[in-house]
Amino acid sequence: MTQDENTTPDADTTPSFEELGITGPVLAAIRDLGYETPSPIQVATIPPLLAGRDVVGQAQTGTGKTAAFALPILEHLDMNQKSPQALVLAPTRELALQVTAATEKYGRHIRHLKAVAILGGMPYPKQMMLLAHNPEILVATPGRLIDHMESGRIDFSELQMLVLDEADRMLDMGFIEDIEKIVA
Ligand code: AMP
């Protein structure tokens, strides 16, 4: 696929975000941001993710991959739950922060939404405080997440959705054992 085909969907044949199943506050955020049509990776992944299926998505950088998993996560949230429902693992702190910011952007109209980044190099007390506020979404680098899990600070009993962002890079960076531990 060329870059053009990745980024320039045909407006006549591409379904709308509504037709893909995006509703209410998530749709309102998309409208605020001025997104007119879903990108090809979003058309491909949003419906199966909303249906609860497992998906492997592959697309170049800058083609809307973050929204491709973040929008279905936000659609699925139950704001009455008191422990994390979605976990996104990312290979680097920079990517984890970008995903957290994007999630907040797409979730700006969901009242009381909390997305927290759990990253190596950040002070533990601050992270413990953020975890104590019952975030719905965690975005983490693997090593630091395991530290918190092993200390019993994260309750995954309500976890519904797991994303491995840039999974190929995480495997290249040797995170396989960490990921297996987290998934188990
Ligand atoms: P990503 O590939 O997730 O890093 O997204 C690349 C850029 O495209 C980000 O600035 C997004 O805000 C933007 N974006 C994502 N989806 C769409 C869309 N359907 N229409 C327009 N811009 C989008």
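Tutor: Start with helices α7 and α8. Y124, Q127, M128 and L131 of α7 touch R144, D147 and H148 of α8. Sorted by class, this contact holds three nonpolar, two polar and two charged residues. Keep in mind that the model is predicted.

Now the geometry of that pair. Helix α7 covers residues 124-132, and helix α8 covers residues 142-150. Their axes come within 12 Å and cross at roughly 70 degrees. An angle from 65 to 115 degrees counts as roughly perpendicular, so α7 is roughly perpendicular to α8. The crossing of the two is right-handed.

Next, go to α4 and α5. Helix α4 spans residues 40-50. It packs against α5 at an angle of about 25 degrees, and the axes are 9 Å apart. Angles under 35 degrees count as roughly parallel, so α4 is roughly parallel to α5. Here too the crossing is right-handed. On the α4 side, the contact uses I41, Q42, T45, I46, L49 and L50. On the α5 side, it uses K65, A67, A68, F69, L71, P72, E75 and H76. By class, that gives nine nonpolar, three polar and two charged residues.

Stay on α5, but turn to α6. Helix α5 runs over residues 65-76, and helix α6 over residues 93-106. Their axes come within 10 Å and cross at roughly 50 degrees. That angle makes α5 and α6 oblique to each other. The crossing is right-handed. From α5, the residues in contact are T66, A67, F69, A70, L71 and L74. From α6, they are V99, A102, T103 and Y106. This contact has eight nonpolar residues, two polar ones and no charged ones.

Finally, look at the oxygen atoms of the ligand. A polar backbone atom of G62 is 3.3 Å from a ligand oxygen. K105 uses its side chain instead: an N or O atom there is 3.3 Å from an oxygen atom of the ligand.

Terms used. Residues numbered from 1 in each chain as written. Predicted model: local features only at pLDDT ≥ 70, side-chain atom pairs only at ≥ 80, totals over all residues. Heavy atoms only, no water. Axes fitted to C-alpha atoms, helices over the stretch in contact; angles between N-to-C directions. Helix = DSSP H or I, 4+ residues; strand = E, 2+ residues; numbered from the N terminus. Parallel < 35°, antiparallel > 145°, perpendicular 65-115°, else oblique. Left-handed = near helix turned anticlockwise from the far one by under 90°. Contact = heavy atoms within 4.5 Å. Nonpolar A, V, L, I, M, F, W, Y, C, P; charged D, E, K, R; others polar. Polar contact = N/O pair within 3.5 Å; in protein donor to acceptor, adjacent residues only side chain to side chain.
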